[in-house]
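Work through the exercises below with the sequence and the 3D structure open. Try each task before reading its solution.

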Amino acid sequence: MTEVAPQTAAQNAAIETRPTRQRKPDWIRVKAPTSKGYGETRALMRGLGLNTVCEEAACPNIGECWTKKHATVMILGDVCTRACAFCNVKTGMPRAVDPLEPGHVAEAAAKMGLEHIVITSVDRDDLPDGGASQFVKVIRALREQTPNTTIEILTPDFRNKMEAAVESIVEAGPDVYNHNLETVPRLYPTIRPGARYYASLRLLEHVKRLDPRIFTKSGVMLGLGEERLEVHQVMDDMRSAQIDFLTMGQYLQPTPRHAKVMEFVTPKAFDAYGAIARAKGFLQVAASPLTRSSYHAGDDFKQMRAAREAQLAKAASKG
């Protein structure tokens, strides 16, 4: 019989200090993506040199969405100038902006036959306009090549250049303007240190002031240590800023070096949050453990548009 050498003190210490992954509850486990549609979507994105937040942020819904030929394109590269404690996107000095990217995004939308597309980006604090002009170019390219595709954008906060950036994007005419608050104000210093809660609220308020026809949208992650009443206050703040659509999902720790999950919020608790949000007057609410900003975005957009039309029709009948 071969003797097994005893572990050294250093090996034992390494085992003790090795970060352990938290076990996920059954309600947020998903199957690994293996479908033909998933492979085709991946090949298309690779062929056009496009990044997706689905991959970069390690979204748990990637298998389902890519199978249905839905993907959230992430423009302005795959390197972010910020280092938020919850985000899996690489941090560093980004490369130069790709001038061919807007055309490639529109080509991908056309090939996938998208009725609705979501465009997001990394933070680009290194650029004079924070990357706003690239959003404008992408929107224009989509309007030209796929005029029937509705466009949803999910932008950064454009720190110190918000007003001009937002004005240029709103003028380009997206159908939905999304900017996520991510968490409650108390947790910003540790979870979202490069951003300011009230600056993000003002951004969405500014969109509505410029063009009330554009739907506004924002999302929060739960399970980071927030209190229930803090979440309710965020809902009230959003409604004060006339935000139309609220998304709420479970935070999942991408790697051991990211912020820990403080709580796995149950589906029942998400249902309760969703009911409260609807009572507060949001046109559309998506609240579940697996909800993400762009999850089922196309279907949600149709429902939100129908809700507004019904609301306007009701107001007209009373007038």
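Phe215 is buried, with a relative accessible area of 5%; buried means under 20% relative accessible area, exposed over 50%, and partly exposed in between (1.4 Å probe, protein chains only). The model is predicted: local features need pLDDT of at least 70, side-chain atom pairs count only at pLDDT 80 or more, and totals for chains, interfaces and linings use all residues. Residues are numbered from 1 along each chain as its sequence is written, and side-chain values use heavy atoms, with hydrogens and water left out.

**Exercise 1.** Classify the ring pair of Phe215 and Phe301, and locate both residues.

Solution. Step 1: rings of Phe, Tyr and Trp (its six-membered ring) pair if their centres lie within 6.5 Å; planes under 30 degrees apart count as stacked, over 60 as edge-to-face and the rest as tilted.
Step 2: the centres of Phe215 and Phe301 are 5.8 Å apart and the planes stand at 90°, so this pair is edge-to-face.
Step 3: Phe215 belongs to strand β8 (residues 215-222) and Phe301 to helix α12 (residues 297-318), so the pair ties together parts 86 residues apart in sequence. Helices (H or I, at least four residues) and strands (E, at least two) are DSSP runs, numbered from the N terminus.
Step 4: Phe301, at 3% relative accessibility, is buried.

**Exercise 2.** Find which charged residue lies over the face of Phe215.

Solution. Step 1: a charge sits over a ring if NZ of Lys or CZ of Arg is within 6 Å of the ring centre and within 35 degrees of the ring normal.
Step 2: Arg308 lies over Phe215, at 3.7 Å from the ring centre.
Step 3: elsewhere, the charged end of Arg239 sits over the ring of Phe282, 5.3 Å from its centre.

**Exercise 3.** Count the disulfides, then explain the result for Cys87.

Solution. Step 1: a disulfide is a pair of cysteine sulfur atoms within 2.5 Å.
Step 2: by this rule there are 0 disulfides.
Step 3: the closest cysteine sulfur to that of Cys87 is in Cys80, 6.4 Å away, which is too far for a bond.
Step 4: Cys87 is partly exposed, with a relative accessible area of 27%.

**Exercise 4.** Describe the surroundings of Arg124.

Solution. Step 1: Arg124 lies in the loop between β5 (116-121) and α6 (132-145).
Step 2: Arg124 is buried, at a relative accessible area of 3%.
Step 3: leaving aside neighbours within four places in sequence, the residues in contact with Arg124 (heavy atoms within 4.5 Å) include Leu76, Val79 and Pro94.
Step 4: the Arg124 side chain reaches the backbone oxygen of Arg95 at 3.0 Å.

Conventions: A polar contact is a pair of N or O atoms within 3.5 Å; within protein, one must be able to donate a hydrogen and the other to accept it, and residues adjacent in sequence count only if both atoms are side-chain atoms.
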